[in-house]
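Have the viewer open and ask as we go.

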Amino acid sequence: SAETATRIPMDSFAAAIVKNMKTRGKTSSSLVFSPSFITSGTFDSVFAGRAGEDLRDMQVSAIGNSILLARITTNFVKSGSSAAGLITASMVGSFRVLSAHDGSVVDGFEVEAVGAGTSDADARSAALDHMLGQLNQRGY
């Protein structure tokens, strides 16, 4: 079940992707970025494939060949009187696969998912489960 803290569902989502990849014989680890990494604009640079020098300095290629990044947006809608108390979360995940060697974008795609629940956290958790299923079909 999802917690109310914003990062908890993303930590769980990232851990589930790692688990799925390990069942395919791939080595992986997860990281959910700090708010300052996001607000400073650094994430945007990395996501756009403009952080090759930084990745080389961090020796990311010693850990693996690729980096999977996600930017997920969520919109919540509270249902009207016919389904009182039901909340729907509509999510769009923009994903980038980067080369760990030079930071260039190797692949990019979007995944959309919807989940429902009686709280924002439950609806978000259900949508992330649906998104995870779609990623699993893509091999992630």
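Predicted model: local features only at pLDDT ≥ 70, side-chain atom pairs only at ≥ 80, totals over all residues.

Q: In what sense do E1 and E2 pair, and over how many bridges?
A: Two strands pair if DSSP finds at least two bridges between them. E1 and E2 pair in the antiparallel sense over 13 bridges; for instance, Ala 70 has Phe 95 in E2 as its bridge partner.

Q: And what about E2 and E3?
A: Strand E2 (residues 87–99) also pairs with strand E3 (residues 105–117), in the antiparallel sense and over twelve bridges. Look for Met 91, whose bridge partner in E3 is Ala 113, and for Ser 94, which stands opposite Glu 110 in E3. The hairpin of E2 and E3 has five residues between the strands, and Gly 103 takes a positive phi near 80 degrees there.

Q: What share of the residues of the protein count as buried?
A: Buried means under 20% relative accessible area, exposed over 50%, and partly exposed in between (1.4 Å probe, protein chains only). Of the 140 residues of the protein, 33% count as buried.

Q: Which residues touch the most other members of the largest nonpolar core?
A: A nonpolar core is a set of buried Ala, Val, Leu, Ile, Met, Phe, Trp, Tyr and Cys residues joined through side-chain atoms within 4.5 Å. The largest one has 19 residues, and Phe 13, Phe 95, Met 131 and Leu 135 touch the most other members. H1, E2, E3 and helix H5 (120–137) each give two or more residues to this core, with the largest share, six residues, coming from H5. There's also a second, separate core of ten residues, which includes Phe 43, Leu 55, Val 60 and Ile 67.

Q: Which residues does Leu 135 touch?
A: Contact means heavy atoms within 4.5 Å. Not counting residues up to four places away in sequence, Leu 135 touches Phe 13, Ile 17, Phe 95, Phe 109, Val 111 and Tyr 140.

Q: Is Asn 20 buried or exposed?
A: Asn 20 counts as buried, because its relative accessibility is 16%. This residue sits in helix H1 (residues 7–23), and beyond its neighbours within four places in sequence, Asn 20 is in contact with Leu 132, Asn 136 and Tyr 140.

Q: Now the pocket: how much space lies in the largest one?
A: On a 1 Å grid over the protein atoms alone, a pocket is an open set of points where a 1.4 Å probe fits, with protein on both sides within 12 Å along at least five of seven lines; lining residues have an atom within 4 Å of a point. About 1600 Å³ of space lies in the largest pocket. Of its 47 lining residues, the closest to the centre are Leu 31, Phe 33, Leu 68, Leu 69 and Ala 70. E1 gives the most to the lining, with ten residues.

Q: Why does Arg 71 count as partly exposed?
A: Arg 71 counts as partly exposed because its relative accessibility is 30%. Find this residue in strand E1; leaving aside neighbours within four places in sequence, Arg 71 is in contact with Phe 43, Asp 44, Phe 47, Val 92, Gly 93 and Ser 94.

Notes. Residues numbered from 1 in each chain as written. Heavy atoms only, no water. Helix = DSSP H or I, 4+ residues; strand = E, 2+ residues; numbered from the N terminus. Points joined across faces, edges and corners; volume = space filled by probe spheres on them.
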